Amino acid sequence: DEQGPYVNFTHIYVPYCTGDLHWGNSTVHYSESLSLHHKGSFNARAVLKYIQSQIPAPPRILVTGCSAGAYGSWLWSQWVSKMYEDSGENTKVFQMGDSGLGIVSDSFLNESFVNWNVVEGGAFPTFIIPENYLSYEANFMVGITSAKLYEWGALRFSNHTFGQASSAYDWNQAYFLKTMEQGTSADLFSADKVVWNNKMNSFYDAMGISRPPNLVHWVAPGDYHCSIGPRHYYADFVGEPYFRRLHN
């Protein structure tokens, strides 16, 4: 897009086929006929090595992704920040998680991160954990909210900017929350979107005044899923294109 804010950026696309939010490092045998290679972190780390070799000192980097990619963008923005910090570069890192606010069931937290081997597999950026957080152990992520992870990252890298964007009643995130809670695929109704919206607001309102100034959230009207790609990305939003409002 020659009129967009990223026309001069080098774009590196990381495809996704591992079913682990780009976080995993395990192979799980779910049944005699089903084994999945949750190797999202293995793939992403290879991309980081490529980036550092090809673009050793960029002035700024935007790490972003939609849906599952939103979670991947947060985790790997921490490693990107650490990578350029360790190399002594003054690269400015921006991260935007698109439509992945982490409103999930307890059962998802109890099972998925363990199955994916997120912590012991080396993907989780343990260097962002505050010193006064005493519960750090292999399963410490059970019960940790996405909002808290974002807060930790923003506090650790206070010179970078981290954020999330979503529609207020995202149908896809509402669907997955309902499916997780029921344990099976389910029809989605308007009331389910309201349930998701209420939980989303309570999660992020809980941050209150503790929210770091370099951590931003933007919730727009509607129930769409993903702002990157769909046609509303270019639609008018309060006097200027949606993408420009999001960028600002």
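Visitor: Let me start with Lys193: is Lys193 buried or exposed?

Guide: Lys193 is buried, its relative accessible area being 18%. Buried stands for under 20% relative accessible area, exposed for over 50%, and partly exposed for what lies in between, with a 1.4 Å probe and protein chains only. Before we go on, please note that this is a predicted model, in which local features need pLDDT of at least 70 and side-chain atom pairs count only at pLDDT 80 or more, while totals for chains, interfaces and linings use all residues. Residues are numbered from 1 along each chain as its sequence is written, and side-chain values use heavy atoms, leaving out hydrogens and water.

Visitor: With which residue does Lys193 form a salt bridge?

Guide: The term needs a side-chain nitrogen of Lys or Arg within 4 Å of a carboxyl oxygen of Asp or Glu. For Lys193 the partner is Asp223, with the closest N and O atoms 2.6 Å apart. Lys193 sits in helix α6 and Asp223 in the loop between β6 (215–220) and β7 (236–237), so this pair ties together parts that are 30 residues apart in sequence. Asp223 is partly exposed, at a relative accessible area of 34%. Helices (H or I, at least four residues) and strands (E, at least two) are DSSP runs, numbered from the N terminus.

Visitor: How many salt bridges does the count come to?

Guide: By this rule there are 6 salt bridges. One of them joins Glu181 and Lys199, whose closest N and O atoms are 2.6 Å apart. That pair links distant parts of the chain, since Glu181 belongs to helix α5 (residues 171–182) and Lys199 to helix α6 (residues 190–205), 18 residues apart. Glu181 is partly exposed at 46% relative accessible area, and Lys199 counts as partly exposed at 30%.

Visitor: And how should I read a salt bridge within one helix?

Guide: An α-helix has 3.6 residues a turn, so residues three or four places apart point the same way. Here, Asp86 forms a salt bridge with Lys82, with the closest N and O atoms 3.0 Å apart. The two are 4 residues apart in helix α2, which means about one helical turn separates them. Asp86 counts as exposed, at 55% relative accessibility.

Visitor: Now to helix packing: at what angle do α5 and α6 pack?

Guide: Two packed helices are described by the angle between their axes and the distance between the axes. The axes are lines fitted to C-alpha atoms, for helices over the stretch in contact, with angles from 0 to 180 degrees between N-to-C directions. For α5 and α6 the angle is about 90° and the axes are 9 Å apart. That makes α5 roughly perpendicular to α6; angles of 65 to 115 degrees get this name, those under 35 are roughly parallel, those over 145 roughly antiparallel, and the rest oblique. In contact terms (heavy atoms within 4.5 Å), Trp171, Gln173, Ala174, Leu177, Lys178 and Glu181 of α5 meet Asp192, Lys193, Trp196 and Lys199 of α6.

Visitor: How does α2 pack with α4, and at what angle?

Guide: Helix α2 (residues 68–86) and helix α4 (residues 146–156) pack at about 20°, and their axes are 11 Å apart. This makes α2 roughly parallel to α4. Ala70, Trp74, Gln78, Lys82 and Glu85 of α2 make the contact with Leu149, Tyr150, Gly153 and Arg156 of α4.

Visitor: How many residues of α4 are buried?

Guide: Of the 11 residues in α4, 8 are buried, and the helix is mostly covered. Among them are Leu149, Tyr150, Glu151 and Trp152. The cover includes α2, β4 (92–98), β5 (161–167), α6 and β6.

Visitor: What is Ser81 in contact with, its neighbours within four places in sequence aside?

Guide: Ser81, which is found in helix α2, is in contact with Val93, Phe157, His160 and Phe162 once those neighbours are set aside. Ser81 is buried, with a relative accessible area of 2%.

Visitor: Which residue other than glycine has a positive phi near 80°?

Guide: That is Cys226, placed in the loop between β6 and β7. Cys226 is buried at 11% relative accessible area. Ser67, not a glycine either, has a positive phi of about 60°. Ser67 is found in the loop between β3 (60–66) and α2, and counts as partly exposed at 24% relative accessibility.
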